[in-house]
Every structure is written in structure tokens, then in C-alpha cells.
Amino acid sequence: MTQILPYLYFDGRCNEAMHFYQQCLGGDLQLLKLGESPMAAQLPSITDAQILHSTLQSDHLVLMASDMINQKHIRGNSIILCVNCSNETELYEIFAKLSQGGLVKLPIHQNFRGNTYGELTDQFGIQWILNYQRLNT
């Protein structure tokens, strides 16, 4: 196995969410609207603006998402996205951006392992951990 990649579902807010994540995390964003896909003719035109598939990608990030899912959407608490940051400055910047309109669950602090660490739920209900581990020198 080479990678496990998160795939998020937003029930109509994918475009907004992925642009928000691009502002917070950087990267190149690709969006495929349902109306631009071969599936468009099979569905009502009111769904044309919904995102069939999106990818936010940079050297160290791949985040995929959609508005389309073939099952009932139930937002749960079984998935948390963890960002291992390169330094404390990056951690503080990303934490501040992701927490806008969301809820800080655990403010940034030094945890028992000596890591800089914080937890939040963003404005779309996605849970995040941000972590920076100092290398012992």
C-alpha cells in the first residue's frame, strides 16, 4: 500500500469547503461539477453545480471531496484529519485559518510528549489535529 487518502463528503458545500481548505493549506484545487460530467444528462439540472469530485493537492497534501455519495450521510466522530506540521509557525498559521468559523476543542499547547499540539472542528464539521514534533538534537 503506498497511500491512504482522505475523501470527504459535504452534502452540497464541497465547493465552498475545498476553497476554504485551499486558503488554509495551499495547493492546487481541481473541481469537477456534476453538470460538466457525463452523468449530467442522467440527473436534474438543479444538481449541475454540485461537485462530483475534487482534489486539493500539493507536495505533502492530497485531500479529495465530493457532494455526491450513494448512501445516507451521517456526520460522525470516527475520523479526524491530522496535519503534521514542519514547524510551529506553520502550525499556528494553519490552526488560525482552519478554526475560523469553527470550534477550538483543544487550544495549541505543549503536550506530554513535548509536541506542539491543538485540536479543532472546522466550520464544515470536520475534525482536525495539528501537531509539530520537535526532533531531539
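View 1. At 24% relative accessibility, Glu-88 counts as partly exposed, a class that lies between buried (under 20% relative accessible area) and exposed (over 50%), with a 1.4 Å probe and protein chains only. The model is predicted, and local features need pLDDT of at least 70, side-chain atom pairs count only at pLDDT 80 or more, and totals for chains, interfaces and linings use all residues. Residues are numbered from 1 along each chain as its sequence is written, and side-chain values use heavy atoms, with hydrogens and water left out. The side chain of Glu-88 meets that of Arg-134 in a salt bridge, with 2.2 Å from N to O. The pair links distant parts of the chain, 46 residues apart: Glu-88 is in helix H2 and Arg-134 is in the segment after E8. Arg-134 counts as partly exposed because its relative accessibility is 35%. A salt bridge here is a side-chain nitrogen of Lys or Arg within 4 Å of a carboxyl oxygen of Asp or Glu. Helices (H or I, at least four residues) and strands (E, at least two) are DSSP runs, numbered from the N terminus.

**View 2. The salt bridge of Arg-13 and Glu-16.** A search of the whole structure finds two salt bridges. In the one shown here, Arg-13 pairs with Glu-16, and the closest N and O atoms are 3.0 Å apart. Arg-13 has 34% relative accessibility and therefore counts as partly exposed. Glu-16, at 41%, is also classed as partly exposed. Side chains of opposite charge can pair when their charged atoms come close.

**View 3. Helix H1 and its buried side.** H1 has twelve residues and reaches 16 Å from its first C-alpha to its last, close to the 16 Å expected at 1.5 Å a residue; the expected span is 1.5 Å times one less than the number of residues. Its buried residues are Cys-14, Ala-17, Met-18, Phe-20, Tyr-21 and Cys-24. They are on the same side of H1 because they cover an arc of only 155 degrees around the axis, where the arc is that of the directions from the helix axis to the C-beta atoms. These buried residues pack against strand E1 (7-9), strand E2 (28-33), E3, E4, H2 and E8. Just after H1, Gly-26 takes a positive phi of about 75 degrees.

**View 4. The largest nonpolar core.** This core has 27 residues, and those with the most contacts inside it are Leu-8, Phe-10, Tyr-21, Leu-98, Trp-128 and Leu-130. At least two residues each come from helix H1 (14-25), strand E3 (51-58), E4, strand E5 (81-84), helix H2 (88-98) and strand E8 (127-132). H1 gives the most, with six residues. A nonpolar core is a set of buried Ala, Val, Leu, Ile, Met, Phe, Trp, Tyr and Cys residues joined through side-chain atoms within 4.5 Å. Not counting residues up to four places away in sequence, Leu-98 touches Phe-20, Tyr-21, Cys-24, Leu-120, Asp-122, Trp-128 and Leu-130; contact means heavy atoms within 4.5 Å. In soluble globular proteins, nonpolar side chains tend to be buried together.

View 5. Ser-66 in strand E4. Ser-66 belongs to strand E4, which spans residues 61-66. Its relative accessibility is 1%, so Ser-66 counts as buried. A polar atom of its side chain lies 3.2 Å from the backbone oxygen of Ile-51. Asn-115 and Asn-131. Asn-115 is placed in the loop between E6 and strand E7 (116-121). Asn-115 counts as buried because its relative accessibility is 3%. Its side chain and that of Asn-131 are joined by a polar contact of 3.2 Å. A polar contact is a pair of N or O atoms within 3.5 Å; within protein, one must be able to donate a hydrogen and the other to accept it, and residues adjacent in sequence count only if both atoms are side-chain atoms. Residues up to four places away in sequence aside, Asn-115 touches His-109, Gln-110, Asn-131, Tyr-132 and Gln-133.

**View 6. Asp-11 in its loop.** Asp-11 is found in the loop between E1 and H1. Its phi is near 50 degrees, a positive value in a residue other than glycine. Asp-11 counts as exposed, at 52% relative accessibility.
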